[in-house]
Amino acid sequence: MAAARTEFKGGSRRRGPGSRFRALGRALRLPVTGTARGIRKATHAHGAGESGLGKLIELHGVNGAGDVMITVALASTVFFSVPTDEARGRVALYLAITMAPFTLLAPVIGPLLDRVPHGRRAAMACAMAARALLALVLSGAVITGSIEMYPAALGVLVASKAYGVVRSAVVPRLLPPRFSLVKANSRVTLCGLLATGVAAPIAAGLQQVGPRWPLYGAFVIFVAGTVLSFTLPHTVDSARGEARALLAADEDHLHGPLRGRGKRPGLRTVGPAVTHALLANAGIRCLTGFLIFFLAFLLRVHPLSGQSAAVSLGIVGVAAGAGNALGTAVGAWLRSRAPEIIIVTVVAIVLGAAVTAAVFFSAVLVACLAAVAGFAQALAKLSLDALIQRDVPELVRTSAFARSETLLQVSWVLGGAVGIVLPLNGTLGLSVGAAIIAAGWLTTVRGLVDSARHGGPARPRVA
């Protein structure tokens with residue numbers, strides 16, 4: 001009798017419509033839940049889940065996806081929707097109204113955020129929420145073409161910059177045991193790149209539906225980022241044992257609390273190796289900003305052989321992204337052994353690539369230069385992070401990361417401004433790009449090599 005009841009229950013369970021719907025629901029959810037579990041497993045590996053670094057990695061992926069949605073929408077409105085000559089004027093106007101004030105505001109953002117170290121989660125959430133609201137403002141402006149698009153774009157840049165500064169300051173506070181800063185930054189950066197690569201074609205697809213749709217997508221993504229910001233550990237808001245870094249030249253002011261003595265310090269309390277590496281990284285960022293704007297117009301007028309302007313830009317963009325991802329992976333593998341030599345080497349490589357592309361200008365060499373520049377930017381930045389970890393006292397290290405990122409952002413903007421005003425001559429433009437990176441290399445190579453030879457003020461091994 002018991003066996004019969006069991007068989008009856010089993011048969012009814014098999015024949016019941018509810019069980020079939022539940023099975024169908026599980027089958028439909030499996031790709032989403034399986035992907036989510038896989039992402040969570042990757043981001044939380046090696047203690048990153050316990051320390052909270054995994055949540056920051058995921059938040060940075062959300063940040064990258066939202067930013068690319070806005071970028072695609074603005075590029076289609078300002079750049080692709082009008083003839084080339086008019087596009088140059090509109091992009092120049094965009095730079096004048098958004099980038100120029102941004103260069104003035106960017107140096108202020110880092111020091112300002114230094115004064116609110118106890119509210120970093122709230123600061124990141126505000127940066128996300130601000131971009132969500134500005135995405136809605138832009139969704140109306142891209143239809144009408146009104147002037148409000150430009151201040152809204154400036155607001156997006158400032159909010160993105162504020163997020164980047166706070167994120168740089170937060171990473172050192174979330175390191176798992178026996179986890180180097182270089183490895184942590186590699187994971188964060190790589191997740192951002194992967195999220196950007198996934199979101200870019202989605203944004204392009206939404207753009208085909210309508211110019212507003214990528215901005216609606218950005219709104220949803222940034223709202224999610226606002227919520228995720230508050231899931232970070234409370235240690236993010238702790239500033240115990242921290243002081244503000246002074247990127248200035250007085251050894252007596254190496255430690256933050258001493259900065260009030262005597263003459264106001266200049267630009268080197270972080271140590272000579274860090275300042276030289278920062279200048280080299282600024283040269284690379286200036287070059288990448290230049291290449292983005294210059295090649296955007298050059299390839300629109302002179303696309304790659306047999307390709308449209310959009311496809312040509314896509315090829316160069318993919319090459320740059322692949323180079324950046326490779327540089328991030330190589331940086332994590334090297335663990336920043338001899339970071340000074342790494343920086344000098346990668347800058348020399350990108351200089352050689354720029355000179356070669358200028359002398360033997362061709363489509364293949366342009367794509368190769370984009371890939372090499374992306375590789376050099378990622379690897380040089382990770383090496384700079386390692387130098388800051390090695391040479392800057394822990395008391396001011398968090399602030400040093402924030403302030404160095406400000407300088408690099410400003411360098412990118414200045415390079416972009418140079419790229420927008422040059423004539424659309426490939427050899428001339430790439431020669432200017434080579435000159436930019438040569439100036440950065442020549443001004444830093446001697447100092448970095450001397451620093452590597454004599455060692456920094458403190459050289460714990462970077463694991």
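How many helices and strands does the protein have?

1. **Ground rules.** This is a predicted model, where local features need pLDDT of at least 70 and side-chain atom pairs count only at pLDDT 80 or more, while totals for chains, interfaces and linings use all residues. Residues are numbered from 1 along each chain as its sequence is written, and side-chain values use heavy atoms, leaving out hydrogens and water.

2. **Overall make-up.** To settle the opening question, the protein has 15 helices and 2 strands. Both kinds of element are DSSP runs numbered from the N terminus: H or I over at least four residues for helices, E over at least two for strands. Of its 463 residues, 51% count as buried. Buried stands for under 20% relative accessible area, exposed for over 50%, and partly exposed for what lies in between, using a 1.4 Å probe and protein chains only. Among contacts with a separation of 6 or more, 80% come from residues 24 or more positions apart; a contact needs heavy atoms within 4.5 Å.

3. **An edge-to-face pair.** The structure holds 3 aromatic pairs. One of them is W213 with Y216, edge-to-face, at 5.4 Å centre to centre and 90 degrees between the planes. For the cut-offs, rings of Phe, Tyr and Trp (its six-membered ring) pair if their centres lie within 6.5 Å, and the pair is stacked if the planes are under 30 degrees apart, edge-to-face if over 60 and tilted for the rest. W213 and Y216 sit 3 residues apart in helix α9 (residues 213-229), so about one helical turn separates them. W213 is partly exposed at 43% relative accessibility, and Y216 is partly exposed at 29%.

4. **A stacked pair.** F290 and F294 have ring centres 5.4 Å apart and planes at 10 degrees, so this pair is stacked. Both belong to helix α10 (residues 272-301), 4 residues apart, about one turn of the helix. Buried or exposed? F290 is buried, with a relative accessible area of 0%, and F294 is buried at 0% too.

5. **F293, also in α10.** Helix α10 holds F293 as well, and F293 is buried at 11% relative accessible area. Look across to G419: F293 and G419 are 126 residues apart in sequence, yet 5.3 Å apart in space, C-alpha to C-alpha.

6. **Two helices crossing.** A pair of packed helices is described by the angle and the distance between their axes. Helix α8 (residues 181-209) and helix α13 (residues 363-391) have axes that come within 9 Å and cross at roughly 145 degrees. Those axes are lines fitted to C-alpha atoms over the stretch in contact, with angles running from 0 to 180 degrees between N-to-C directions. On the α8 side the contact is made by L181, V182, N185 and S186, and on the α13 side by L382, D385, A386 and Q389. These residues divide into 4 nonpolar, 3 polar and 1 charged, where Ala, Val, Leu, Ile, Met, Phe, Trp, Tyr, Cys and Pro count as nonpolar, Asp, Glu, Lys and Arg as charged, and the others, Gly among them, as polar.

7. **R121.** Which residues does R121 touch? R121 is found in helix α6 (residues 120-144) and counts as buried at 11% relative accessibility. Leaving aside residues up to four places away in sequence, R121 touches S229, F230, L232, P233, H234, V236 and D237.
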